[in-house]
Amino acid sequence: MTTMNETQQNLPASKFRRILAYLIDQIGFFLIEALEPDGDQNMGLFSLLLIMFLYYFLMEVIWDRTLGKLIMGIMVVDAKRVNYKEKRMTKLIFIRTLCRYIPFDHLSFIFMSNASGQASWHDQISGTKVILSTSRSATYFTVVPN
């Protein structure tokens, strides 16, 4: 994991970092799918979608990041970032995770600006953004310049 100084903390994560984090997570899903025994294709797809949902939801609720985001030094935060409240973040992450299943959500990433850290529909609809950060405390409990 890359280290960051204080001036780099809390900046919007670049699209490049986000794409690499996404690819790292997808490699894990590919391995899970490859290990699944052949059988009912519909049940296999349902199982994979459920695993993906649980992976994104649980990882981002518990650690504010997936494995890919951890490796890339980025995390999901409340776009308002007034303070950290677990109940609010759980709701935002649940919405964020559901929005990943919107058709063409991945394409929204290509066409949207990343200046605010909200580079896709699942960011904007859920009120979250992805920033460079190494810890929750450095993000929510320190003074963030405007």
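**Entry 1: R100 and E60.** I looked up R100 and E60, whose side chains meet in a salt bridge at 3.0 Å, N to O. The two residues sit in distant parts of the chain, 40 residues apart. I found R100 in the loop between α4 (86–99) and α5 (105–111), and E60 in helix α2 (residues 41–63). Are they buried or exposed? R100 has 13% relative accessibility, so it counts as buried. E60 has 0%, so E60 counts as buried too.

**Entry 2: confidence.** I noted that this is a predicted model. The chain has a mean pLDDT of 82, and 80% of its residues reach 70 or more. I then checked the elements. Helix α3 (residues 67–72) has the highest mean pLDDT, 94. Helix α7 (residues 136–140) has the lowest, 66.

**Entry 3: R88 and D78.** I turned to another salt bridge, in which the side chains of R88 and D78 meet at 2.6 Å, N to O. This pair also links distant parts of the chain: R88 lies in helix α4 and D78 in strand β1 (residues 74–78), 10 residues apart. R88 counts as partly exposed because its relative accessibility is 32%. D78 is at 3%, so it counts as buried.

**Entry 4: D123 and R96.** I found the side chains of D123 and R96 in a salt bridge at 2.5 Å, N to O. D123 is in helix α6 (residues 121–126) and R96 is in helix α4, so the pair ties together parts 27 residues apart in sequence. Both D123 and R96 are buried. Which residues do shared partners join into one network? I listed R18, E60, K69, R96, R100 and D123.

**Entry 5: the count.** I noted six salt bridges in the structure.

Terms used:
Residues numbered from 1 in each chain as written. Heavy atoms only, no water. pLDDT = per-residue confidence, 0-100. Helix = DSSP H or I, 4+ residues; strand = E, 2+ residues; numbered from the N terminus. Salt bridge = Lys/Arg side-chain N within 4 Å of Asp/Glu carboxyl O. Buried < 20%, exposed > 50% of the residue type's maximum accessible area, 1.4 Å probe, protein only.
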